[in-house]
Number of protein chains: 2
Amino acid sequence: MIIGILGPEGSFSEKAANQWNKVAKLRYYDDILDAVDALLRNEVDTSIVPIENSLEGSVTLTLDLLMEHQLKIIGEVTVRIKHCLLSKGDEIKIIMSHPQALSQCRKYIKTNFKDVEVRPVLSTSLAARLASESKEIAAIASRESAGIYGLRILDENIQDVNENVTRFIVIGKNTPPATGNDKTSIIVYLEKNRPGALYEILGEFAEKGIDLTKIESRPTKKILGDYLFYIDLKGHIEEKAIKETLEKVKTRVGMLKIIGSYPAAKNPG
Amino acid sequence: MIIGILGPEGSFSEKAANQWNKVAKLRYYDDILDAVDALLRNEVDTSIVPIENSLEGSVTLTLDLLMEHQLKIIGEVTVRIKHCLLSKGDEIKIIMSHPQALSQCRKYIKTNFKDVEVRPVLSTSLAARLASESKEIAAIASRESAGIYGLRILDENIQDVNENVTRFIVIGKNTPPATGNDKTSIIVYLEKNRPGALYEILGEFAEKGIDLTKIESRPTKKILGDYLFYIDLKGHIEEKAIKETLEKVKTRVGMLKIIGSYPAAKNPG
């Protein structure tokens, strides 16, 4: 079993992969696009990529890839994110990290490093690697990265809000069987912005008591103001109520894409 | 009249500001946070910041600032975005731009500049300024930036999808009177993820035939899976149907914040 993830070593994606499968071999990629491509090219058996963070919201690139390609979500993992400030030196001139990590520590940086240059890079662990090459660079990254890249931990838990959890999805080829505690993810296009169209669709779910855990709009990329809706609901596509409701919804919308039924994540690790 | 915008000169924000008010004085800021801060500190009379792009979706920082501060949307402007590749040299080693612009040209870069380093910076016009300092740097920025920073236009209209429009909001202090073609923006917190709660709220609007032009979820930043909803609707808060419906909605939700009633934008300029 080979899992494709965002690298290099020490990334939060690696944490997610270890939580999902302790014994799998990991293959590291430069960005989310490449990690998903690897699965499409059969270079890996599954890929694990971030989809949502409790502070920053959705990773929109991941949402867009789920729409563009024939991918199946086969699982989800949640990881508690604790950012550290790591460096070899003391006189920091540049702080590097992934843009989402920089956002999550925005206030910390403004307060403590007002005149330092902030430079976004492709991943938190790449930032750590770069910090290992110059004393003037500090990285915002995981505690694990300090060990891997020989950096000192200058500060810990520096994110602006303490509760910081990232949800990763496991992408693969076959829908796992129902476990009794599952989620189903769909993408719906309502066709034209008819007033009340979304209301009607939500009514179908409400009528059957199906709990929606997430609803999010994304642009169709055609016209400004034209949206797709990403909906997560509780239940498995094999359950009668879910299956029948989705069939009914399908007749009322422009497009319905089922992107996976999978076991719901346990508490964040 | 002084308008605060994202700079430096030649930014798409400048285009938006010129569209909104041709004679106003412009003051340039490094990032969205600073442009909004300037308004809160009364350094400018209004600020104009991007809120949504037809390809990339919402500018989440802007959404978050609308929740955090007492700001009023007093207008909106839409601008057609045409990205150009600008440089002084021919042998490009680094391509710089704002992260959203880089995303909008992702396929173009992958196809034409596979081995070139891609570096996100704070704005498209900053990228242009940096490109004017080194022949090895190309910027993805507006056509106007080429003139301002003395760069050659190597390629035009390089965004992956041709329809590329950004919506800017004008933030100020006083709600403008109704014009007959207005929009109202609100933020709603449903309190606990009760199944069907969103459905009930949408029902209030549907019942009165109020058209929702946008609905988007953002994390509350407390717990993963807990969301605020940003809703744009057609109509002005002074209209009876809108006012009454919002009063009714208010009694059914944990929080309702009205962030502005303003004239709807004309076609993108």
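Domain bounds, as used here, come from an automatic or database domain assignment. This is a predicted model, in which local features need pLDDT of at least 70 and side-chain atom pairs count only at pLDDT 80 or more, while totals for chains, interfaces and linings use all residues. Residues are numbered from 1 along each chain as its sequence is written, and chains are lettered from A and ligands numbered from 1 in the order in which they are written.

For chain A the assignment gives domain 1 (2–80 + 165–172), domain 2 (84–155) and domain 3 (182–263). The centres of domain 1 and domain 2 of chain A, taken over C-alpha atoms, are separated by 23 Å. Where these two domains meet, domain 1 of chain A contributes 12 residues and domain 2 of chain A contributes 15 residues, a contact between two residues being counted if their C-beta atoms, placed from the backbone, lie within 7 Å. The side of domain 1 of chain A that touches domain 2 of chain A is made of 4 nonpolar, 4 polar and 4 charged residues; in this division Ala, Val, Leu, Ile, Met, Phe, Trp, Tyr, Cys and Pro count as nonpolar, Asp, Glu, Lys and Arg as charged, and the others, Gly among them, as polar.

The next topic is the pair of chains. Chain A can be laid on chain B with an RMSD of 0.0 Å by a turn of 180 degrees and a shift of 0.0 Å along the axis, where copies are superposed by least squares on the C-alpha atoms of residues with pLDDT of at least 70 in both. The two copies are therefore related as by a two-fold rotation axis. The same surface serves both copies, since 100% of the contact residues of chain A recur in chain B.

In the contact between the chains, 35 residues come from chain A and 35 residues from chain B. On the side of chain A that touches chain B, the elements that give two or more residues are strand S11 (165–172), helix H8 (197–207) and strand S13 (212–219) of chain A, helices (H or I, at least four residues) and strands (E, at least two) being DSSP runs numbered from the N terminus. S13(A) gives the most to this side, with 8 residues. By class, the side of chain A that touches chain B holds 15 nonpolar, 11 polar and 9 charged residues.

Two packed helices are described by the angle between their axes and the distance between the axes. The axes of H8(A) and H8(B) come within 9 Å and cross at roughly 145 degrees, with axes being lines fitted to C-alpha atoms, for helices over the stretch in contact, and angles running from 0 to 180 degrees between N-to-C directions. The contact is made by A:Leu198, A:Tyr199, A:Leu202, A:Gly203 and A:Ala206 of H8(A) together with B:Leu198, B:Tyr199, B:Leu202, B:Gly203 and B:Ala206 of H8(B). The residues of this contact divide into 8 nonpolar, 2 polar and no charged.

Inside chain B, helix H6 (residues 124–131) is mostly covered, with 7 of its 8 residues buried; a residue is buried if 20 or more other C-beta atoms lie within 10 Å of its own, exposed if 12 or fewer, and partly exposed in between, with C-beta atoms placed from the backbone. What covers the buried residues of H6(B) includes H1, strand S6 (84–87), strand S7 (94–97), helix H4 (99–104), strand S9 (137–141) and helix H7 (143–149) of chain B. In helix H3 (residues 60–68) of chain B, the buried residues are B:Thr62, B:Asp64, B:Leu65 and B:Leu66, and they pack against helix H2 (32–40), strand S3 (46–53), strand S12 (182–189) and strand S15 (255–263) of chain B.

Some details of the backbone remain. A cis peptide bond, with omega about -5 degrees, joins A:Gly7 and A:Pro8, and A:Pro8 is found in the loop between strand S1 (2–6) and helix H1 (12–20) of chain A. In chain B, a cis peptide bond joins B:Gly7 and B:Pro8, again with omega about -5 degrees. B:Asn42, in the loop between H2 and S3 of chain B, has a phi near 65 degrees, a positive value in a residue other than glycine, and B:Asn42 is exposed, with 8 other C-beta atoms within 10 Å.
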